[in-house]
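Colleague: I am new to this model. Could you take me through a few of its residues?

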Amino acid sequence: MGSVRKASAWLGLVDDSDDERYYDDDYAEGPEPGDSWVTDPRVRVADQAAQDQGTRIATVTPDGFRDARGIGEMFREGIPVIVNLTTMESADAKRVVDFAAGLTFGLRGSIERVANRVFLLTPADYQIVSGEPSRGIGGFFNQS
């Protein structure tokens, strides 16, 4: 007996017998544990391939400096992180940039400004390829 039928029987809306000749709602039980439910099976295959190849990129829009820990945890796992600081106040945004610069330095990664107040943190095993010629600037991002 499916969960919907059991709930209906408990509420007294249907007969409590095991007669399920009208429908079988076992499909309503949901996916097996560990399965991710998607409407298109190609999406599941692409997601699994991305996890296997390590080609995931995280995007974070922190509300305050307290969200810096989440940025650090993702970066330590080897995931590149795009940090969008456009919604933060200037003082907190500078603190997050300082934290990100220390994080990338400590883990031998790199930090790159993508747009105004948007930064890309990449682990050491990633290479950033841009269409612009290199300007010869190295080290930390100068936030002044």
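Modeller: A definition comes first: buried means under 20% relative accessible area, exposed over 50%, and partly exposed in between (1.4 Å probe, protein chains only). This is a predicted model, where local features need pLDDT of at least 70, side-chain atom pairs count only at pLDDT 80 or more, and totals for chains, interfaces and linings use all residues. Residues are numbered from 1 along each chain as its sequence is written, and side-chain values use heavy atoms, with hydrogens and water left out.

Colleague: Is Arg-108 buried or exposed?

Modeller: Arg-108 sits in the loop between helix H4 (90-106) and strand E3 (110-115); helices (H or I, at least four residues) and strands (E, at least two) are DSSP runs, numbered from the N terminus. Its relative accessible area is 69%. The cut-off for exposed is over 50%, so Arg-108 is exposed.

Colleague: What is the phi of Arg-117?

Modeller: Most residues other than glycine have a negative phi. Arg-117, in the loop between E3 and strand E4 (118-122), is not a glycine, yet its phi is positive. The value is near 65°.

Colleague: Which side chain makes a polar contact with the side chain of Thr-122?

Modeller: Thr-122 lies in strand E4 and is buried, at 4% relative accessibility. A polar contact is a pair of N or O atoms within 3.5 Å; within protein, one must be able to donate a hydrogen and the other to accept it, and residues adjacent in sequence count only if both atoms are side-chain atoms. At 2.6 Å, the partner of the Thr-122 side chain is that of Ser-110.
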